[in-house]
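User: I would like to walk through this structure with you, one question at a time. Could you help me read it?

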Amino acid sequence: MEIAEIETTIKNNLVKVDTNALESEAIYILREVAAQFERPVLLFSGGKDSITLVRLAQKAFWPAKIPFPLMHIDTGHNFPETIAFRDKLVKELGVELIVRNVQDSIDEGKVIEETGKYSSRNMLQTTTLLDAIEEFKFDACIGGARRDEEKARAKERIFSVRDDFGQWDEKKQRPELFDMLNGEIEIGQNVRVFPISNWTELDVWSYIEKEEIEIPSIYFAHKRNIFLRDGLIWSAEDDVVFRAEDEVVEERWVRFRTVGDMSCTAAVLSHADSIKKVVAEIRDSKISERGARIDDKRSEAAMEKRKQQGYF
Amino acid sequence: MNVLKIATAGSVDDGKSTLIGRLLYDTKSLTDDKLEAIEKTSKQKGYDYLDFSLATDGLVAEREQGITIDVAHIYFSTATKSYIIADTPGHVEYTRNMVTGASTSQAAIILIDARKGVIEQTNRHFFINNMLRVKDVIVAINKMDLVDFSEEKYNAIKADFEKLMAKREYQDQKITFIPVSALKGDNVVNKSENMEWYKGQTLLEHFEDLDRKDIFNVGTPRFPVQYVIRPKTDEFHDFRGFAGKVYGGELNVGDEVVVLPSMTKSKIKDIYFYDKKYKTATRRSSVTITLEDEVNVSRGDMLVKVGDLPTIGKEFTATVSWMDSDKLTTGKKYVVQHGVNKVLAKVDNIHHKINPDYSGVHAAINGLEMNDIAQVTFKLNKPIFYDSFKDHRTNGSFILIDPQTNTTAGAGFIN
């Protein structure tokens, strides 16, 4: 290469594209969604996985805006930090945000609120989600689920077809070969799309670190009033989580590894107050991510059953 | 970080799930809660060892029957690589699932039970991995603990397998033999103390040593356009970017390209990844390309380098792997999805069915059933731009979609 050419190269930052297989795969999938479907939507929970999806969508379509809206199924039991974060992000991106509330489904009598020690609105979300899909006639719903999260998820396709009732039939899944994604569906059906299927929890955290992606503060270590139950740490700072009188509240340094509904997300003891420390902690962790999700602990097949019914 | 996808193949009870469980356990990839669950269930079942297959079998029916139904994906990583294992079942629907698993993998493990040696199933597993041109194949001779870690036994099985290798079509496929005991942990991650006679690498050492250039098949650059980006904003008023993934080679700014099917020539102006410009789009990177001239490009079109044209045609013959319960018959119409391009196709001729175990072919057949493999000629309503599968794994493959049911009914590899 001529010296002048080298100088130009350096000046214009013209080098080889720096991406990895997982990032390029996710961008490819998001572009397939935009091309193959008429009304896609990105299911946004405010958690790290859906925040990562948003960054990938920005990359996939730049300099154009993300060509689909975000939708949040709000249980009403979200951490306030997550909601504040969501609203700020949407404003910055200039994309449309759709919010549908589980509370409305309860008020309309479509679902009945659970009661008791382990009550949660996690199961109730499915009804609100399926109603919203029907209301907006969404044909593709992009989600941040990963195959490494849970064993029923490990069998999930990247384009996962749901019938008119939003249900998943694990025995009738379409084979997915090479990079080819078949998004052909009948009217009334929809496809759940999982662009970060092949990412692990550590891949997501490493990506957040490398890309300097902002995430809600509850992912970092903070002081919180908590109580212990079944070996898990629960937040005692709000009325959402049921607490018996004999369950003692104490203040500890904790952070959350997943950000679901407050009633089904347990904290972990941690002093990791920066993304660097969080990544180091995940790398050494001996407990799986969903080990702190009470919604999976209901039974060995808890996730499989919820998926069949139309869960995320 | 490097990502290596590995397909596993084995018959029922060859210990495939145990091998994967062992890989996870010895690389310390099983977290305490998962390990506890395995210990608990193993105990309940009355086993006196840990049943690692419980780490992989996900669906209720699988746990009930102790079998793997569907392709499962398992993840673990070491300091140098991220691993994705596509675990495919070894029973009735094996061909369909194995073809699927092998299609996205760069390496494969074929398991042989040392007590049984090379059986009919082994032929099938090897045939499919060879047909799919998986670059690196490990023949793991398992359950060595049950044959007293015998070198003679290992050598005899190896010799039998080498006879199979002589029949393979893809002769450059790299094949490595490793004697293992998945249950006891010999030569999976750690070197065996029971088989000093084996001087080679353990399974994990072998995969750790695979370099990027060893992993991918080499071809010529192909850029199928997935999506046209037109921001229509003041800042990017005239921006027309062609979004897609680069296959087979690299593309550079200034490269002279041909747009297919219009055959219009132009030059690559800029290569974007997100908001930055680059000189080179690397293989398998998802980029956005702009051209020097205003040319008409839409989804399904392809950019290739001048002088590097693929075949442009409305007819081709391919090896088809049938995956649907509805039969494929002559005269039937399907949608051919070739990359991101879709065209209508008609089955012109089914030449012969191929036994996927090197035992020959059947001529004069009237249709394909699920798990059949055959040579089929298709006629298309529009031309596609393809390479032979042996020259280009991506641009030489396609899927068949049944227009009645929308399901992916089969896959094909163009001659």
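This is a predicted model: local features need pLDDT of at least 70, side-chain atom pairs count only at pLDDT 80 or more; totals for chains, interfaces and linings use all residues.

User: How are axes, angles and helices defined here?

Analyst: Axes are lines fitted to C-alpha atoms, for helices over the stretch in contact, and angles run from 0 to 180 degrees between N-to-C directions. Helices (H or I, at least four residues) and strands (E, at least two) are runs numbered from the N terminus, as assigned by DSSP.

User: Which class does the orientation of helix 4 of chain B and helix 5 of chain B fall into?

Analyst: Angles under 35 degrees count as roughly parallel, over 145 as roughly antiparallel, 65 to 115 as roughly perpendicular and the rest as oblique. The angle between these two helices is about 40°. Helix 4 of chain B and helix 5 of chain B are therefore oblique.

User: How many nonpolar residues does the contact of helix 4 of chain B with helix 5 of chain B have?

Analyst: Contact means heavy atoms within 4.5 Å. From helix 4 of chain B come B:Tyr94, B:Thr95, B:Met98, B:Val99 and B:Ala102, which meet B:Arg124, B:His125, B:Ile128, B:Asn129 and B:Met131 in helix 5 of chain B. Ala, Val, Leu, Ile, Met, Phe, Trp, Tyr, Cys and Pro count as nonpolar, Asp, Glu, Lys and Arg as charged, and the others, Gly among them, as polar. By these classes the contact has one charged residue, three polar and six nonpolar.

User: Is the crossing of helix 5 of chain B and helix 6 of chain B left-handed or right-handed?

Analyst: The axes of helix 5 (residues 120-131) of chain B and helix 6 (residues 151-165) of chain B come within 11 Å and cross at roughly 45°, so the two helices are oblique to each other. A crossing is left-handed if the near helix is turned anticlockwise from the far one by less than a right angle, and right-handed if clockwise. For this pair the crossing is right-handed.

User: Which residues of helix 6 of chain B do B:Thr122, B:Asn123 and B:Phe126 meet?

Analyst: B:Thr122, B:Asn123 and B:Phe126 lie in helix 5 of chain B, and their partners in helix 6 of chain B are B:Phe161, B:Leu164 and B:Met165. The contact has four nonpolar, two polar and no charged residues. The partners asked for are B:Phe161, B:Leu164 and B:Met165.

User: Why is strand 17 of chain B largely enclosed by the rest of the structure?

Analyst: Buried means under 20% relative accessible area, exposed over 50%, partly exposed in between (1.4 Å probe, protein chains only). Two strands pair if DSSP finds at least two bridges between them. Strand 17 of chain B pairs antiparallel with strand 18 (residues 341-354) of chain B over six bridges, and with strand 21 (residues 397-401) of chain B, also antiparallel, over three bridges. Strand 17 (residues 333-338) of chain B is largely enclosed because, of its six residues, the number buried is five.

User: Which residue takes a positive phi in the hairpin of strand 17 of chain B and strand 18 of chain B?

Analyst: In this pairing B:Lys333 has B:Lys346 as its bridge partner. The hairpin has two residues between the strands, and the positive phi, near 65°, belongs to B:Gly339.

User: Is B:Thr407 buried or exposed?

Analyst: B:Thr407 sits in the loop between strand 21 and strand 22 (408-414) of chain B. Beyond its neighbours within four places in sequence, its contacts include A:Arg174 and A:Asn182, along with B:Asp324. With a relative accessibility of 17%, B:Thr407 counts as buried.

User: Over in chain A, what is the strand order of the open sheet of six strands?

Analyst: Strand 3 (97-101) and strand 5 (159-162) of chain A stand at the edges, each with a single partner strand, so one side of each lacks a neighbour in the sheet. The twist averages 30° from one strand to the next. Pairing is mixed, and the order is 3-2-1-4-6-5.

Definitions and conventions. Residues are numbered from 1 along each chain as its sequence is written. Chains are lettered from A and ligands numbered from 1 in the order in which they are written. Side-chain values use heavy atoms; hydrogens and water are left out.
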